[in-house]
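Please read the points below with the model open beside you, and check each one as you go.

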Amino acid sequence: MPTSSSRGRGRPRRTPGARGRRPATAARARVRRSLRGSAPLRLRTGFVFIALVMSFFGARLVQLQGIEPEKYATLAASTGGTVTVELPAVRGKILDRNGRPLADSVDGRMVVADPQQTRPRAPELARFLAKRLHIDYFSTLRALSQKDSRFAYVARRVPASLAVSVVTQATDAGYKGLATRNDPLRSYPDHDVAANLVGFLGTDAPLAGLELTFNKELAGTDGSETYEVGAGNRIPLGHSTVRPAHNGTDLHTTIDEDLQWYTQRVLRQTVLGARGDSGFAVVMDRRTGEILSLADYPTYDASNPQASPAKDRNSLAMTSPYEPGSVEKVLTLSSLIDAGKVTDRTRLLVPGQLQSGDRIIHDWFPHGTIKLTLAGVIAQSSNIGTAKSSRLFKPGQLRHYLTEFGLGQRTNIGVNGETPGLLPSDAQWNGMLQDRIAFGQSVSVNGVQMAAAVNTIANGGVRVDPSLIQGRATTNTGEVVGTDETTRHRVVSRNAADQMTQMMERVVDPDVGVAPRAQVPGYVVAGKTGTAQRVGPVCGCYNGEFTVSFAGFAPADDPRFTVYVVVQNPRNGGGGGSVAGPAFSKIMSFALRRYGVPPTGAKPSQIPTTW
C-alpha cells in the first residue's frame, strides 16, 4: 500500500478555501479582458463625434466664406452694415517745471448709441440721458433717431464712472442700444492756478491758452476702427480695418506751480485791496529768462470756464497793452549812461515844470527848481528830470535802444494773442513825443516784454529772451519756441547796468526813495515804481484812470529773480510804491526762500540823490 508520503507527492492536497478563490480570479481576468476590449471602442466613438462636429463647422465656414459669401454679406448688410468708431488719442499733459500736471488727461468715456435700437423710444431715452448727463435734449434726440445708421455719438468726454452708471441705469430701465467707449477726459487739477496761461478745452476743440497755441502737438492724431455689424452686433468674422491712434506730446513749461499759486494769491489780495480792476505779476529767473510765474487777476477755474466772463479767460498781461509809466525811466536813463551822455552822479537843475512843444510836463509832486543828481531823478521818479536828460540823445538814438530792449515786438513765448505793444516809428518820432516816451507815456508794452527789459539791467546789460516752454515746442502756426531757442544780446554796457542798479537801490531807501515798502528783509533790492495814465477804450484819450506798478530784482548785487507787479485802475489813491511795492516784497521774499537764495551781506547804495 502506498504510504501517506507517496500519496502526497503524487497528488497535491487542497487546503480549505482553495475551491472559492479560483473562480474569483477567473472572473477578474474576464473583466479585465472585457475592459481592454471596450476602451478603444469608446475613444473611437468620441473621435468620430468630434470629427462630425468639426466637419459641420468646417462646412458652414466654407459655405459662409467660400461658396456663398456674397449671399451672406448681403444678408448682413440688410440687417446691419459697417460702423466706424473713433479711437481717441490721449492728449499730452501740460506740466510745470517740476513735472506736476497743470492739465492732464484722465479716464473718460463717450456714450454712443445704435439708432436702430434707440429710435423706437428715442424721446423718452433722450430725456433720460439729458437729465443725467447734463446734455442738450434736442441734439440727443436727433442722435438717437438717426435713420440708416447703426452708430451715433450721444456724449463725449464724460467721467468714466458717470458714463458707465448712466448706461447701466438705462439698460436696467429697459432701454436698448447704448454703450460706452474710451474717450479721455481733460482735467485741470489746480483749477485756477495758471489758468489764464494754460487755457481750456471746449467740447470738440481747445478754446484758449497753451491748449490752443500748441494744440497740434498736444492733441496727437485720433485713430479709427471700421467693422461690420449685423442685427446690432459686430460680425465676428466680418471685415474690419484699424488705424491706430498716436498720442499727443507732453508740454513742459517753466512755471513753478507753488510759486504761481502764491503769486496769484498775493496779486488777488493786492488788486482787491486797492479796489482795482485787474492786475498781473511776472517772476523771471534773471539768468535764464525762464518765467517762473505769470499771474493774472481776475482769473477763472479751467475746470469750469463757463462760470467766468470770457474777458477773464485770457492773459491780460500778454494781450492787453498799457503804458508802463515811470518804470520806463530805467530803460531811458541806462541807455543815456551807455551813450556816454551822463553818469549816475550827473547834477541836474530840475524846474517845477518843463515846456514840451505846446504842452507842459509836470512831476507827480509840486516843487520849484530843485537840485537832483541822476540817481535822485530815479529815486524821486522825476518826469521833468528824465525828459530834460533825454534831450541829450542824438536823433533816433533812444528809439534804437528801446528796440534793443525788446519794446515794440512780441516776445513769442507761446501765448496766443500776444500784443507787440506800440513803439512809434521813426517817421512818427519827434522831440515832443520823445519827451513823453522817456518817462513812459505814448508808448505801450505787454507785461513780459517790460519784465524782460528790466531783467536786462539785472543781467548786467545783456537781454536774455524770456521763455515759457522748457526745451522746444512748435506752435500751431509753425513757430518754434522754448528755452532751447533762447538768444542773448548786449543792450547796454556792464558799467551802465551797474550804475542803474545803484540808482534803483535808492528807490526803496526810506529816507530818499518813494517805495520803502518794496524792501525785502535781509536782502538788498533794486527797483522802480511806475504810475501812468490810462487810455480809455471808448474815447481813445486819457480818461483819468491810472496804471501803477513796481519792477525790481534781488539780491541787487547778484540778482536771482526779477519781479514785476502791475495793478490797473486802483481806486484807493495809491501809487506804484504803496500798491505794487508791498506785493513785490511778498512775492520776491517767497521766491528767494523757496529757491534757497541766501542774503549776500551787501550794503545798499548810498549814492547822492541831491547836490
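How many residues does the largest nonpolar core have, and which of them have the most contacts inside it?

1. This is a predicted model, in which local features need pLDDT of at least 70 and side-chain atom pairs count only at pLDDT 80 or more, while totals for chains, interfaces and linings use all residues. Residues are numbered from 1 along each chain as its sequence is written, and side-chain values use heavy atoms, with hydrogens and water left out.

2. The largest nonpolar core has 113 residues, and those with the most contacts inside it are Ile 291, Ile 457, Tyr 564 and Phe 584. A nonpolar core here is a set of buried Ala, Val, Leu, Ile, Met, Phe, Trp, Tyr and Cys residues joined through side-chain atoms within 4.5 Å; buried means under 20% relative accessible area, exposed over 50%, and partly exposed in between, with a 1.4 Å probe and protein chains only. A second, separate core of 18 residues includes Ala 113, Ala 126, Leu 144 and Val 154.

3. Tyr 564 is worth a look by itself. Once its neighbours within four places in sequence are set aside, the residues in contact with Tyr 564 include Phe 280, Tyr 322, Met 450 and Phe 550, where contact means heavy atoms within 4.5 Å.

4. Turning to charged side chains, the count comes to 26 salt bridges, a salt bridge being a side-chain nitrogen of Lys or Arg within 4 Å of a carboxyl oxygen of Asp or Glu. One of them joins Asp 256 to Arg 594, with the closest N and O atoms 2.7 Å apart. Because Asp 256 lies in the loop between β13 (251-252) and α11 (257-273), whereas Arg 594 is in helix α20 (residues 576-594), the pair ties together parts that are 338 residues apart in sequence. Helices (H or I, at least four residues) and strands (E, at least two) are DSSP runs, numbered from the N terminus.

5. Are the two partners of this pair buried or exposed? Asp 256 counts as buried, at 0% relative accessibility, whereas Arg 594, at 33%, counts as partly exposed.

6. A further salt bridge is formed by Arg 571 and Asp 277, whose closest N and O atoms are 2.7 Å apart. This pair links distant parts of the chain, with Arg 571 in the loop between β26 (561-568) and α20, and Asp 277 in the loop between α11 and β14 (278-285), 294 residues apart. Arg 571 is partly exposed at 46% relative accessibility, and Asp 277 is partly exposed at 34%.
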